[in-house]
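Me: I'm new to this one and would like to learn how to read it. Could you walk me through it?

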Amino acid sequence: YPDLDDSRYDSKWNGEITEWKKMGGKVKVHKTVKAKYLWDLICASAWRSAEPGLHFLERSNKRSNTYYFENLIATNPCLTADAWIHTAKGPKQVKDLLDTQFTARVDGQDFISAQEGFFKTGTKKVLSLQTKEGYSLRLTSNHKVKRVSKFGRYSLETEWSEAGNLKAGDLIVINNHIKNSKWEGKYSYEEGYLMGLLIGDGTLKSDKAILSVWKTDEQQAGVQGVMQEALQIAVSMPHRNDFVGWTAVKGREEYRLSLAYIKKIAHDLGMHPGRKTITDIMEKTSSNFYKGLLKGLFDTDGSVQGSQDKGISVRLSQSNFPFLQAVQRMLLRLGIASTIYQNRRYAGSKLLPNGKGGYGKYSTKAQHELVISGESLIVFSKDIGFADTTKSNRLTELLSQYKRVLNRERFIAKVKEITLAEIEDVFDVQIPGINAFDANGLYVHNCGEQPLGAWAV
């Protein structure tokens, strides 16, 4: 570069140095610097570690054959390592896909990633994007998200928008996998169903796992369907010769089923006493396991509500919001959109059975509710449904008698807020052919490690 002379140039720091100081960094300001010295320093640093990179955007624009209608821009968007990426082999986290080629599933279509898979792009400030429906994602401010630019009854137009430019009320796109909602993987539908019952109404101890159901007068017929399905599955799995299935608990309306194999599966899936929840391992299972798990959860804690006048919905109540977010991600991968309503019931106290035939006053946590409605109800009914015959019959009856057309599922979500998160290691990937991927259900753009025009990113 012969145009670099030995002149001295003023140097400025326009970035935020507060966090750098907190981390012990020392700020040394040079009022002037020789261009030749700076160039040599950049070259030596790039040779040692490939960072910092150097790109002359002005020269790229001058040499571009599209200079007359657009300006090139440089992009380097990123996600955190715990983000969930949907693939043809099921959901994986970014940290599972480092330096590994994979096939991304985007809106039900499969696209092969670049050979290096996800790669680290640096340590940067991260934003937390939260939607009113419950979907969320942590990403850098310049990571592009597909935003709805025009929304009509019969039309939907979209554009790419940097996360940092989104604002509360903006509509963004979530993935619609309804046309391709199956994938192979570990664990079966049967194992999933038992895990759903265990998480919903079971007890996990150090020595055994117990499934429980309550057969009140109102629940008698419906619960019988759950008991039959669970027993049929249990006898098909390894069990002792003296296994008797469901047994009544004296003085209670409770029936219990205990099987060593259930405890083994729970342990292998990352659960243990005190941690009876959906684990990361469970999210990486097969689509058949998903269907079984979700069916068991909705059999125990789900409900069918509404009418033709007020609308029909299937609901799942829980006090653990992250748990419902995991359920929401799993449903979306099966082509079912949902909404989580937080604090449907605030924390307080309530009269509950005390296990001695009476009632006692107990502290209760805030309750959140996941709601499935509209066209997603049809997919839920067909692919998941209920073993509880009372719930199943009610949903079937309401859907068959519904005179109006169910609300069309648009697979969009509304931005609730975007807040500053922490400084973290971040990563990105290239998905040739579509330049996008599914991250926690959101439709996001992949990296642009080369100059790209605004229309392309």
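**Finding your way around**

Reply: The protein chain has eleven helices and 27 strands; helices (H or I, at least four residues) and strands (E, at least two) are DSSP runs, numbered from the N terminus. This is a predicted model, where local features need pLDDT of at least 70 and side-chain atom pairs count only at pLDDT 80 or more, while totals for chains, interfaces and linings use all residues. Residues are numbered from 1 along each chain as its sequence is written, and side-chain values use heavy atoms, with hydrogens and water left out.

Me: What share of the 457 residues is buried?

Reply: Buried means under 20% relative accessible area, exposed means over 50%, and partly exposed is in between (1.4 Å probe, protein chains only). Here, 45% of the 457 residues in the protein chain are buried.

Me: How do I read a sheet, and in what order do the strands of the open sheet of four strands come?

Reply: Start with pairing: two strands pair if DSSP finds at least two bridges between them. In this open sheet the order is β18-β19-β23-β20, and the pairing is antiparallel. At the edges sit β18 (302-307) and β20 (339-345), each pairing on one side only. On average, neighbouring strands here are turned by 30° against each other, direction ignored. Angles run from 0 to 180 degrees between N-to-C directions, and axes are lines fitted to C-alpha atoms, for helices over the stretch in contact.

Me: Which helix packs on that sheet, touching β18, β19 and β23?

Reply: That's helix α8 (residues 287-301), and its direction makes about 90° with that of β19 (311-318). Helix α11 (residues 389-401) lies across β18 and β19, running at about 30° to β18.

Me: How many bridges hold β20 and β23 together?

Reply: Four, in the antiparallel sense, with β23 covering residues 367-373.

Me: How do I describe two packed helices?

Reply: You give the angle between their axes and the distance between the axes. For α8 and helix α9 (residues 321-333), the angle is about 130° and the axes are 11 Å apart. The pair is therefore oblique; angles under 35 degrees count as roughly parallel, over 145 as roughly antiparallel, 65 to 115 as roughly perpendicular and the rest as oblique.

Me: Which residues make the contact between α8 and α9?

Reply: Contact means heavy atoms within 4.5 Å. From α8 come Y290, L293, L294, L297 and F298, and from α9 come F323, V327, M330, L331 and R333.

Me: Where does R315 lie, and is R315 buried or exposed?

Reply: R315 lies in strand β19. With a relative accessible area of 17%, R315 is buried. Leaving out residues up to four places away in sequence, R315 touches several residues, including F298, D301, R344 and E369. The C-alpha atoms of R315 and I372 are 57 residues apart along the chain but separated by 6.4 Å.

Me: And what about Q342?

Reply: Q342 has its place in strand β20, and at 39% relative accessibility Q342 counts as partly exposed. Setting aside neighbours within four places in sequence, Q342 is in contact with F321, Q367, H368 and K416.

Me: Which residue takes a positive phi in the hairpin of β7 and β8?

Reply: D107, near 50°, in a hairpin with two residues between the strands. Strands β7 (residues 103-106) and β8 (residues 109-112) run antiparallel and are joined by four bridges. R105, for one, has D110 in β8 as its bridge partner.
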